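I begin once the sequence and model are in view.

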Amino acid sequence: MNKPKIFFGFNLFIFLVCLFTLYKNYEKSLYLLNIELNRQEQTNKSVEELKKIFKKHGTDKYFHKYYNFYGKFIGPIRNEELEVLEIGLGCGMIYGPGKSLLSWKEFLPNSKISILEYDRNCALKFKNQTKNLFIGSQSDFNVLKELEIGSPFDIIIDDGGHSRLQQTRSLIGLFPYLKKGGIYIIEDLYYSFTQEANDSNRSAFDVLTKLLILFNNPSFYYDPVPNFKLNKIDTFNFDIEPDLKYLYENVEFIMFSIRSNLKTLIKSIGKQKYLTFSSLSNPEINLTASYPSRACLYVPGNDSKKLSKIFATNADCVVLDCEDGVALNKKSEAREKIRNLFDTDQRIQNNIDGKFTVRINPAETSLAFEDIKTIFTIKHEIKDKNTTSNLLPKCIFIPKTNNARQIGWLFETLHEQTKQFKDLDNLNMFFYMESAISLINLNDIIKTALSLSAEKYHGRFNLEGFVFGSDDFCADIGASRTKDSVELTYARQKLVTYCKAYKLKAIDMVYIDFKDLEGLKMQCEQGARMGFTGKQVIHPGQVDVCQNAFTPSQEKIEWATGLVEAFEYHQKSGAGAFTYKGQMIDMPSLLQAKNILKIIEKVKKI
Ligand SMILES: CCC(=O)SCCNC(=O)CCNC(=O)[C@H](O)C(C)(C)COP(=O)(O)OP(=O)(O)OC[C@H]1O[C@@H](n2cnc3c(N)ncnc32)[C@H](O)[C@@H]1OP(=O)(O)O
Ligand SMILES: O=CC(=O)O
């Protein structure tokens with residue numbers, strides 16, 4: 001035998017086997033990739049379809065953006081014959097009852113829907129549309145036992161009263177009636193943190209958390225929000241309570257079905273229950289809006305020439321004004337011109353988020369009512385129903401907010417005027433602090449806005465921040481303006497502190513001497529050092545100076561980047577405090593450094 005030939009033949013054989021294996025693996029990867037792509041396509045399709053269905057029927061699931069995870073988790077099985085139980089028909093809802101029932105009937109065409117509802121009269125109206133109609137309280141174990149007749153369920157959705165007792169008892173009482181592999185969803189878990197929901201020591205949120213801790217496995221946790229993570233949990237050690245044992249043994253996967261709008265959630269918690277949360281969550285949940293507000297440029301709404309300039313400015317925010325920049329006899333002209341812009345200009349429609357905003361007149365005045373009526377309306381709705389979503393302003397500035405009552409008026413008026421436009425979810429808002437009484441009432445105003453929005457209007461209105469109306473404030477307290485603004489120090493500091501406590505933006509005062517760019521620069525830098533997010537400007541020439549001052553310098557960015565790296569290094573070696581560039585560094589410095597990096601990230605995106 002010729003040895004080299006055998007050797008060559010053997011090598012060729014090995015080579016061919018490798019080639020074949022490679023090819024097979026390649027085929028398999030392609031196959032898997034295809035499955036994954038198909039799955040993703042299916043999921044995206046389901047999410048889009050469900051979004052349309054929720055919107056069409058007007059359920060608040062649309063405002064909460066729940067189509068995102070319902071589409072993802074239920075979408076793939078939507079054509080199967082499922083047994084679905086939903087708690088709550090929405091009988092007390094502003095939008096009327098039965099909206100989610102109708103949505104499920106459309107989205108899950110082959111499924112049977114059962115309902116548990118507390119309000120008998122309301123429930124009976126839907127008898128013919130449900131497979132089983134159970135009437136009674138979701139926190140009454142005797143009522144819950146009756147539901148065994150309809151069981152086992154593939155999907156149970158708790159969209160009932162949302163109180164702590166209701167959510168926990170239903171979870172414990174109904175979980176045994178869930179099919180193996182079924183899905184149990186609790187909506188609006190955030191409600192556990194509100195005052196009204198406080199009817200039990202333990203919330204469903206606590207139960208789920210406890211289970212997560214018991215599982216001690218991060219894969220049980222579905223993380224709907226970036227940066228929102230459980231802290232290390234292996235230090236916890238406690239016995240399983242008897243009624244959690246069943247859940248512990250049977251739960252396979254936990255997903256926090258908190259509203260997708262976590263920002264509203266956290267704000268609605270405010271400070272009162274924050275401890276519960278911070279034991280769970282990373283302290284730097286990103287709550288500030290996804291766009292910066294360094295320069296907010298006022299443009300009088302009646303001034304066509306100035307309006308024609310708004311697309312040329314690189315200001316982060318343009319405030320189309322109906323208030324002080326517009327004379328009384330030009331108010332209606334301003335409204336009409338602003339409305340016309342939103343109706344007709346494609347550029348405003350393409351750039352709607354945060355950039356083009358409207359300042360109306362003060363709440364509770366007939367001027368404000370007319371502003372809302374004219375501007376928050378859709379003239380072209382009939383023309384093309386699918387494109388109406390872009391036609392309403394997404395952000396509104398409300399001056400002279402002095403007390404909580406005005407906030408009630410504002411929300412009610414906006415809601416009444418716009419409720420037919422289902423698109424208007426998450427209208428961002430800036431309130432103005434421009435009087436002594438407004439400064440005193442700040443906490444009350446913020447808390448009212450957050451809780452009213454979360455609990456009554458389902459996150460439809462989103463308090464984004466406050467603007468300091470310095471000139472009106474000075475007039476109100478009888479102060480005289482000085483170059484270094486010393487007379488405003490207390491008000492500015494208080495406003496920034498309150499805003500930051502509630503994770504809101506704080507917009508600093510106007511520099512009216514618009515030709516003095518040196519003076520402007522100094523005041524901008526002073527505001528940025530105090531913690532303001534941005535500043536009001538009145539002239540296009542002020543924009544760059546202002547935006548530069550509110551953009552962290554290269555030196556600051558390098559400092560922050562280095563500090564974050566050094567912090568991580570020292571944490572690993574067990575040092576809480578350490579020296580960095582000659583300064584003592586601990587957690588607060590880290591958070592400041594991260595704030596700088598967050599601003600930069602946002603500025604880069606625009
Ligand atoms: C104090 C508390 C508050 O409430 S502040 C908010 C209420 N006040 C306002 O909205 C005022 C906004 N600003 C203005 O109306 C103007 O800037 C004032 C101060 C009147 C000065 O205008 P004007 O005399 O035209 O200035 P200018 O000749 O230097 O203007 C140069 C070009 O820029 C334009 N311009 C000016 N301001 C704006 C603006 N705010 N938005 C858009 N464009 C603006 C001017 O029209 C002028 O354009 P052009 O070069 O002539 O084509
Ligand atoms: O509205 C603004 C002010 O400075 O006053």
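Entry 1: the shell around ligand 1. I found that β8 (295–300) and α12 (304–307) each supply at least two residues of this shell; helices (H or I, at least four residues) and strands (E, at least two) are DSSP runs, numbered from the N terminus. I noted that β8 gives the most to the shell around ligand 1, with four residues.

Before going further, I recorded that this is a predicted model, in which local features need pLDDT of at least 70 and side-chain atom pairs count only at pLDDT 80 or more, while totals for chains, interfaces and linings use all residues. Residues are numbered from 1 along each chain as its sequence is written, chains are lettered from A and ligands numbered from 1 in the order in which they are written, and side-chain values use heavy atoms, with hydrogens and water left out.

Entry 2: the neighbours of ligand 1. I listed 15 residues around ligand 1, the closest being Tyr 298, Lys 305, Lys 309, Ile 538 and His 539; a residue is near a molecule if one of its heavy atoms lies within 4 Å of it. By class, I recorded seven nonpolar, two polar and six charged residues in this shell. Here Ala, Val, Leu, Ile, Met, Phe, Trp, Tyr, Cys and Pro count as nonpolar, Asp, Glu, Lys and Arg as charged, and the others, Gly among them, as polar.

Entry 3: I read 2.7 Å from a ligand 1 oxygen atom to an N or O atom in the side chain of Lys 305, and 2.7 Å from a ligand 1 oxygen atom to one in the side chain of His 539. For a polar side-chain atom of Arg 359, I read 3.0 Å to an oxygen atom of ligand 1. Taken alone, ligand 1 exposes 960 Å², of which the protein buries 64%; accessible areas come from the Shrake-Rupley method with a 1.4 Å probe.

Entry 4: ligand 2. I found Arg 359, Glu 434, Gly 469, Ser 470, Asp 471 and Asp 472 around ligand 2, a shell with no nonpolar, two polar and four charged residues. Helix α19 (residues 470–477) gives the most to this shell, with three residues. A polar side-chain atom of Asp 472 lies 2.9 Å from an oxygen atom of ligand 2. The protein buries 91% of the 190 Å² that ligand 2 exposes when taken alone.

Note on methods. Polar contact = N/O pair within 3.5 Å; in protein donor to acceptor, adjacent residues only side chain to side chain.
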